[in-house]
Amino acid sequence: MRVLVVEDEPEVAEFLSRVLRDATWATDVVGTVAAAREQMAVVTYDLAVIDVGLPDGDGFTLCRDVRAAGNHTPILLLTARNAVSDRVRGLDAGADDYLAKPFAVSELLARLRALARRPVAAVAPILRCDSLTLDPALRAAERAGEPLTLTAREFALLEFLMRNAGRACSRARILEAVWDDNFDPVANAIDVLVGRLRRKVDLPGHRPLVRTIRGMGYMIDASDVS
Ligand code: CA
């Protein structure tokens, strides 16, 4: 296991590297966005712990760049802030998890172990429905061959609906699958998210696939699932 720590505060960086090495993970530490980019281009890491506030940029941008470069290393973002908007921003940027400072070492390690267990490039089957395809491993989706630009949450929703294609999914199940336990979304958050997803997936000229099941929830139409 090899971990990259991107943290500019020397004391925190030192603390993190000691904790991670104690957990028997090979740990590299860099203090800037530029150094992190270079390091991740050369070394294949099993995990990256990235601080949001860095001297030459921020962790959100770094995450986005890493994902845009096709790098799927699990990323845990560290920040002093715990605002919901920052958490969503981090997840939308492609981070896999989020931990606010100050944190307990036991929680950090537990979250990193969970991320490390996640199959990164496992041969997950590609999900198909009509001309819609979704590749869970590559975190990519297409409609009629055109790549869809989805946020992390839209992607999670689409993956959940496609894994349950042909079955109506209640709002409660969607909530459980797409939001974590600590987040209490506003009442219509699911409907807003489904609306955004529908506009991206059900392009003009293609069969509408995101169906509303009245009084129940939502479903991906499975009449042509392969
Ligand atoms: Ca910092």
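Thr-73 counts as buried in this predicted model, because its relative accessibility is 6%, which is under the 20% cut-off for that class. The residue sits in the loop between helix H3 (59-68) and strand E6 (75-79), and its side chain is joined to that of Asn-71 by a polar contact of 2.7 Å.

**Loop residues**

- Apart from its neighbours within four places in sequence, Thr-73 is in contact with Met-40, Tyr-45, Asp-46, Leu-47, Ala-48, Arg-67 and Asp-96.
- Pro-136 is found in the loop that runs between strand E9 (132-135) and strand E10 (140-143), and Pro-136 also counts as buried because its relative accessibility is 12%, under the 20% limit.
- Between the C-alpha atoms of Pro-136 and Phe-155 the separation is 9.1 Å, although the two residues are 19 residues apart along the chain.

**Nonpolar cores**

- In soluble globular proteins, nonpolar side chains tend to be buried together.
- The largest nonpolar core in this model comprises 27 residues, and those with the most contacts inside it are Leu-132, Leu-157, Leu-158, Leu-161, Met-162, Ile-174 and Ile-220.
- Two or more residues of this core come from each of the following elements: strands E8 (127-129), E9 (132-135) and E14 (217-220), together with helices H6 (152-163), H7 (171-178) and H8 (189-201).
- Leu-158, one of the residues with the most contacts inside the largest core, touches Leu-132, Leu-134, Ala-141, Leu-150, Leu-197, Val-201 and Ile-220, when residues up to four places away in sequence are not counted.

**The second largest pocket**

- The second largest pocket holds about 160 Å³ of space, and of the ten residues that line this pocket, Arg-153, Trp-179, Ala-189, Leu-193 and Arg-196 are the closest to its centre.
- Sorted by class, the lining of the second largest pocket consists of six nonpolar residues, three charged residues and one polar residue.

Terms used. Residues are numbered from 1 along each chain as its sequence is written. This is a predicted model: local features need pLDDT of at least 70, side-chain atom pairs count only at pLDDT 80 or more; totals for chains, interfaces and linings use all residues. Side-chain values use heavy atoms; hydrogens and water are left out. A nonpolar core is a set of buried Ala, Val, Leu, Ile, Met, Phe, Trp, Tyr and Cys residues joined through side-chain atoms within 4.5 Å. Buried means under 20% relative accessible area, exposed over 50%, partly exposed in between (1.4 Å probe, protein chains only). Helices (H or I, at least four residues) and strands (E, at least two) are DSSP runs, numbered from the N terminus. Contact means heavy atoms within 4.5 Å. On a 1 Å grid over the protein atoms alone, a cavity is a set of points where a 1.4 Å probe fits but cannot get out, and a pocket is an open set with protein on both sides within 12 Å along at least five of seven lines; lining residues have an atom within 4 Å of a point. Grid points are joined across faces, edges and corners, and a volume is the space filled by probe spheres set on the points. Ala, Val, Leu, Ile, Met, Phe, Trp, Tyr, Cys and Pro count as nonpolar, Asp, Glu, Lys and Arg as charged, and the others, Gly among them, as polar. A polar contact is a pair of N or O atoms within 3.5 Å; within protein, one must be able to donate a hydrogen and the other to accept it, and residues adjacent in sequence count only if both atoms are side-chain atoms.
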